[in-house]
Each structure stands twice: as structure tokens, then as C-alpha cells.
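Me: I have a new structure open and would like to learn how to read it. Could you walk me through some features, one at a time?

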Amino acid sequence: MKVLRTEELKKYYEQSSVPVKALDGVNISVEEGTFVAIVGTSGSGKSYAWWFGPTN
């Protein structure tokens, strides 16, 4: 059973007037019992994307 699914998930924001595409067309499908980690460099938008919701 799928417990998480996204299609074309996008999250854009501006940082110091520079557009940032934190997520751009991400597709995810996670089945029950699967472990998932979201990784990236510091400041890449990992927390921002989830706390403030998708752009589209």
C-alpha cells in the first residue's frame, strides 16, 4: 500500500532576490514499511519545502 505519493511536486522560493528551485518536478511513491531519507547540502531547502508546503 502506498503511504506517500507525489507527482510533479515543485517548491520555488527566493533567497536574496535570487530564485531557488528547491524541488522541480519531483515524483515520489513510498510503500508501507519503506524507510526514506531526504538529503542535501545545508541551505538547499529540505526543511523549507516540507514546512511551508509545495509551490505547485
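Me: Where is Ser 17 placed?

Reply: Helices (H or I, at least four residues) and strands (E, at least two) are DSSP runs, numbered from the N terminus. Here, Ser 17 sits in the loop between E1 and strand E2 (18-31). Its phi is near 65°, a positive value in a residue other than glycine. Before we go on, please note that this is a predicted model, where local features need pLDDT of at least 70 and side-chain atom pairs count only at pLDDT 80 or more, while totals for chains, interfaces and linings use all residues. Residues are numbered from 1 along each chain as its sequence is written, and side-chain values use heavy atoms, with hydrogens and water left out.

Me: Is Ser 17 buried or exposed?

Reply: Buried means under 20% relative accessible area, exposed means over 50%, and partly exposed lies in between (1.4 Å probe, protein chains only). Ser 17 has a relative accessible area of 66%, so it counts as exposed.

Me: Which other residue has a positive phi, near 55°?

Reply: That is Glu 8, again a residue other than glycine. Glu 8 is found in strand E1 and is partly exposed, with a relative accessible area of 44%.

Me: Which residues form a nonpolar patch on the surface?

Reply: Patches are made of residues with over 30% relative accessible area and no salt bridge: like charges are joined within 9 Å, nonpolar side chains (Val, Leu, Ile, Met, Phe, Trp, Tyr) within 5 Å. Accessible areas come from the Shrake-Rupley method with a 1.4 Å probe, and for residues only the protein chains shown count as cover. Here the patch consists of Met 1, Val 3 and Leu 4, with about 320 Å² of accessible area together. Val 3 lies in strand E1 (residues 2-15) and is exposed, with a relative accessible area of 53%.

Methods:
A salt bridge is a side-chain nitrogen of Lys or Arg within 4 Å of a carboxyl oxygen of Asp or Glu.
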